[in-house]
Amino acid sequence: MIRRLVLMVLFTAVPLPGQDHVDQCLQCHQTLEDEPSTLFIRDIHRLRGITCAGCHGGDPRAEEMEDAMNKQTGFLGVPKGDEITGRCVKCHSDQERMKSYGSNGRTDQELLLRQSVHGRLSVSGKERLVQCTTCHNAHGIVSVKDKRSPVHPLNVTATCASCHGNPAYMRNYNPALPVDQLPKYRTSVHGRRNARGDTRVAECASCHGSHDIRSAHDVKSSVYPTNLPATCASCHSDSVRMKPYGIPTNQYESFAESVHGIALLEKHDPGAPACNDCHGNHGAAPPGVQSVSQVCGTCHALNADLFSRSPHKRAFDQRNLPECETCHGNHSIVAVTDRLIGSEPPAVCAQCHSPTEYPAGYTAAMSMRAIIDSLVTLEEQARALVEEAEQKGMEVSEQRFALRSVRQARLESRTTIHAFDKAKLQEVAAKGIAAARDIHVQAQEAIDEYYFRRIGLGVSTLIITLLVIGLYLYIKKIESNGQQR
Amino acid sequence: MMNFLRQTYIWLDERLQLRDLVDFLGKKYVPVHRHSVWYYFGGVSLFLFLVQVVTGILLLLYYKGSEELAFESIQFIMSRVQFGWLIRSIHSWAANLFILAALIHMFSVFFEKAYRKPRELTWVTGMLMLFVGFGFGFSGYLLPWNELAFFATKVGTDIAGVVPVIGKPLLEFLRGGPEVTGATLSRFFGFHVAVFPGIFTILLGIHLLLVQRQGMSEPLGLEKNPSLEQKRMPFFPNFLLRDLLLWLMVLNLLAILAVFFPWELGQKADPFAPAPAGIKPEWYFMFMFQTLKLLPAHVLFVDGEVLGISLFGLAGILWLLVPFWDRRSARGEQNRFVNYLGLFATLYIILFTILGYLS
Amino acid sequence: MPETNPSGGKREFLKVLLGGSFFAWLASVLYPVLAYMKPPPQAGVEVSSVNAGLVSDLPPDSGRIIKFGTKPVILIKTASGDLKAFDATCTHLDCTVQYRADMGVIWCACHNGKYDLTGRNIDGPPPRPLAPYRVTLQGDEILVSKTT
């Protein structure tokens with residue numbers, strides 16, 4: 001391959017005898033040894049037969065400079081601003097033309113670029129922020145697969161960083177955007193492998209796209225929270241691609257079923273964590289065993305805090321157990337239920353606290369489960385009674401209101417459990433249990449009232465019936481008296 | 001005990017000449033014939049009105065007639081006040097039964113031509129009381145300030161706004177502004193607990209006085225046929241006791257309805273919410289509502305609604321003045337035209353009410 | 001009334017029946033009416049606006065939950081003395097929020113949700129801000145009402 005390229009460069013550098021026309025522009029400029037002509041020798045365009053005039057206009061066959069670079073006959077000079085992209089697009093957006101050069105690639109790069117975040121106007125207001133040449137260079141353009149290309153996987157990070165790593169430059173466009181993506185990237189698994197020459201790991205364009213780069217806040221962006229898992233999965237779910245690295249490929253499936261995945265992908269809650277929220281984005285790496293709770297704790301702060309103070313913290317660290325993950329899993333974290341605590345599966349406590357080895361922990365788990373169970377049962381009973389009273393047409397909005405505090409205690413108890421302290425749990429649960437008992441009594445009173453109304457009606461109906469009978473007999477009596485008279 | 005009662009009676013009699021009253025009532029007789037049963041509906045209407053007065057006053061103890069508190073105060077009455085549910089349900093049920101009893105009373109009087117001379121004024125006061133009764137119903141319907149009532153009032157006052165010439169001022173007068181708002185509620189509350197009871201009481205006084213003075217009317221046929229043996233019964237105590245007996249049964253019926261079919265409160269009115277499906281007026285307005293709905297938009301260059309309302313107005317006036325144009329009955333002759341007219345009105349009301357509930 | 005009925009026992013029975021059932025009836029009517037007139041323990045209803053006590057009773061940089069009909073509302077007096085009120089139902093899972101002077105935020109104990117003092121959800125799981133209520137002063141009395 002390299003040999004062929006060198007040969008081609010040699011062949012083209014020296015005009016071939018018998019070639020029907022000679023590129024006079026290149027000939028003169030080569031003698032000047034200027035940069036454009038030096039680079040253009042290896043340019044893919046020249047290799048496909050496009051001369052300087054293809055972009056700059058003018059007459060490449062004219063011997064005299066005045067004729068070759070005559071503006072009257074179509075010499076365009078050095079294009080500026082959007083004109084640059086305009087020159088490229090003349091061919092690159094024309095499918096037929098590209099085919100004639102043997103390319104079946106895409107022809108929508110300019111359209112994508114215009115819609116991308118780079119399609120904004122630059123500070124001058126006269127041109128777009130990014131032209132084709134910004135990333136691809138003007139002369140010496142080679143295939144993206146060529147290691148000399150600025151957009152080759154091993155080079156693209158530096159190309160992007162030439163602007164994105166420059167605080168003074170980035171301040172012009174998005175002062176809040178960090179400029180440390182490349183250093184961070186170099187700490188990531190992707191970045192370290194990339195630095196070692198692995199072209200299959202993710203670089204900037206793998207996640208952000210190339211021509212169609214959009215802001216991470218743009219819902220169409222490949223790194224918008226709800227799109228991000230699919231973007232990561234495009235490589236990480238590919239078993240062929242992942243084979244050399246020996247890592248699993250089921251993370252996306254697990255995540256999609258998890259409480260986080262459902263929130264993010266089904267409910268489209270952008271606040272739910274995507275891959276990067278736990279693994280980092282540019283500095284992507286799996287969180288460390290001892291720091292899992294800190295990572296989860298960015299959102300689940302109270303749980304993490306309680307856990308870190310609990311006796312489990314030291315026990316987990318000693319045994320090198322990942323903190324939250326040991327009980328909750330990682331990608332496939334499902335919505336928790338109270339059944340996670342206790343002695344029988346799906347409860348997780350007995351995984352370590354076997355009744356024989358660690359009986360204290362085992363009984364503590366059982367009694368904590370019992371506290372929560374009694375709270376749940378009391379809440380259910382109270383709720384059922386309130387509903388029954390409501391169905392009977394009784395007014396129980398007060399009790400409905402009070403049910404909130406029971407529910408709150410139940411939710412709080414699920415947080416408090418992470419302290420693994422029975423007394424603390426009891427304290428939280430007691431509030432809810434007391435409230436549930438009150439509601440129970442009041443709802444029962446409402447139901448009793450319902451029956452009282454019916455009994456009351458029965459009694460008064462009986463009384464009225466007796467009175468009616470009495471009156472009837474009385475009327476009969478006075479009327480028979482009247483007749484007797 | 002009996003002695004004490006007797007002495008009290010004597011004490012009162014010495015000052016008020018109660019004996020005259022008892023004698024008068026004792027000499028008053030109620031005719032007994034196969035149509036006698038209709039006589040009781042006047043009494044039932046009176047009883048239901050008294051129930052309304054009592055329960056209405058009780059409701060006033062806790063009801064708050066403002067946009068913010070009306071709904072909540074009824075909710076409060078129904079849930080927190082002892083027997084509040086009973087009082088409120090009885091008030092609502094008795095209101096409907098009152099209109100029903102009054103309508104039956106009115107039609108029975110109409111068909112028996114009991115309005116004929118000399119009882120024209122009794123008829124007129126009775127009809128006016130029925131109209132005030134409709135007013136009671138319409139104004140009382142809004143007072144819980146729930147969704148259905150809110151929109152029914154909106155529609156009802158809208159219809160009043162179509163009345164030719166005075167429509168717009170009338171609508172604004174009823175609503176207390178261009179829209180149904182808290183101002184409407186205040187107004188309706190005032191009508192319901194002050195204006196209408198006042199008018200009604202005066203009319204009722206005249207009505208009862210006239211009934212007592214003139215006695216019960218007898219159907220035309222009986223009067224003309226002296227050969228038939230006329231049965232009669234003393235008003236006091238025989239008829240009055242029967243009245244009481246029936247009243248007790250009605251009271252029991254009210255209690256049963258209140259316990260088994262408590263009057264619903266629904267959702268609080270929200271002026272900005274879209275109108276719920278199936279807004280229906282109270283059943284006794286249904287035939288008019290349905291007629292206006294079925295009328296085409298334009299009948300011979302006249303707006304359909306305007307025409308409907310004008311016709312109903314005319315019919316009402318005609319009905320009110322029947323003793324004055326039905327000369328034949330006044331002379332004691334049969335008047336088939338009036339019979340057919342009454343039959344037509346009855347059938348029309350029944351048919352359109354049914355249609356209204358079916359649609 | 002003269003004794004004309006020979007069967008005195010029957011007459012007595014009727015008397016007892018009439019008198020007894022009449023008084024029973026009277027009681028069955030009067031009892032509900034009298035019970036109705038007895039004011040219930042919590043007098044009246046207030047819902048579209050609630051009296052939340054005196055300004056002087058609420059120390060600065062503190063909050064209090066008040067009952068607004070069947071909903072809890074949190075009333076806050078900021079360190080600078082401004083009064084604010086919000087729906088106290090957390091938008092995450094319907095727990096009741098509280099004011100945390102140490103953090104200077106409205107805080108939900110269930111999942112550590114935080115709202116700033118304009119009711120905006122700033123941290124934790126809450127998906128939406130808290131709905132504000134209007135606070136007006138009548139003399140020293142705080143009146144919380146719905147914003148319309």
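Start by selecting Gln290(B): with a relative accessible area of 3%, Gln290(B) counts as buried, because that value is under the 20% cut-off. Keep in mind that you're looking at a predicted model. Color residues 286-294 of chain B and you'll have helix 12, where Gln290(B) sits. Now show what surrounds the side chain. Leaving aside residues up to four places away in sequence, Gln290(B) touches Phe352(B), Leu355(B), Gly356(B) and Ser359(B).

Next stop, the nonpolar core. Pick Leu48(B) and Trp123(B): within the largest nonpolar core, which has 89 residues, these two touch the most other members. Then highlight helix 5 of chain B, residues 84-111, which supplies the largest share of this core, 14 residues. Zoom in on Leu48(B) and, again skipping residues up to four places away in sequence, you'll find contacts with Ala94(B), Leu97(B), Phe98(B), Ala101(B), Val250(B) and Leu254(B). Apart from this core lies another one of 29 residues; to find it, select Ile371(A), Ala382(A), Ala429(A) and Ala446(A), which are among its members.

Last, go back to chain B and show helix 8 (residues 167-175) with helix 9 (residues 182-214). How are they angled? Their axes are 7 Å apart and cross at about 85 degrees, so helix 8 of chain B is roughly perpendicular to helix 9 of chain B. On the helix 8 side, display Glu172(B), Phe173(B), Leu174(B) and Arg175(B); on the helix 9 side, Ala183(B), Thr184(B), Arg187(B), Phe188(B) and Phe191(B) make the contact. Color by class and this contact shows five nonpolar, one polar and three charged residues.

Terms used. Residues are numbered from 1 along each chain as its sequence is written. Chains are lettered from A and ligands numbered from 1 in the order in which they are written. This is a predicted model: local features need pLDDT of at least 70, side-chain atom pairs count only at pLDDT 80 or more; totals for chains, interfaces and linings use all residues. Side-chain values use heavy atoms; hydrogens and water are left out. Helices (H or I, at least four residues) and strands (E, at least two) are DSSP runs, numbered from the N terminus. Buried means under 20% relative accessible area, exposed over 50%, partly exposed in between (1.4 Å probe, protein chains only). Contact means heavy atoms within 4.5 Å. A nonpolar core is a set of buried Ala, Val, Leu, Ile, Met, Phe, Trp, Tyr and Cys residues joined through side-chain atoms within 4.5 Å. Axes are lines fitted to C-alpha atoms, for helices over the stretch in contact, and angles run from 0 to 180 degrees between N-to-C directions. Angles under 35 degrees count as roughly parallel, over 145 as roughly antiparallel, 65 to 115 as roughly perpendicular and the rest as oblique. Ala, Val, Leu, Ile, Met, Phe, Trp, Tyr, Cys and Pro count as nonpolar, Asp, Glu, Lys and Arg as charged, and the others, Gly among them, as polar.
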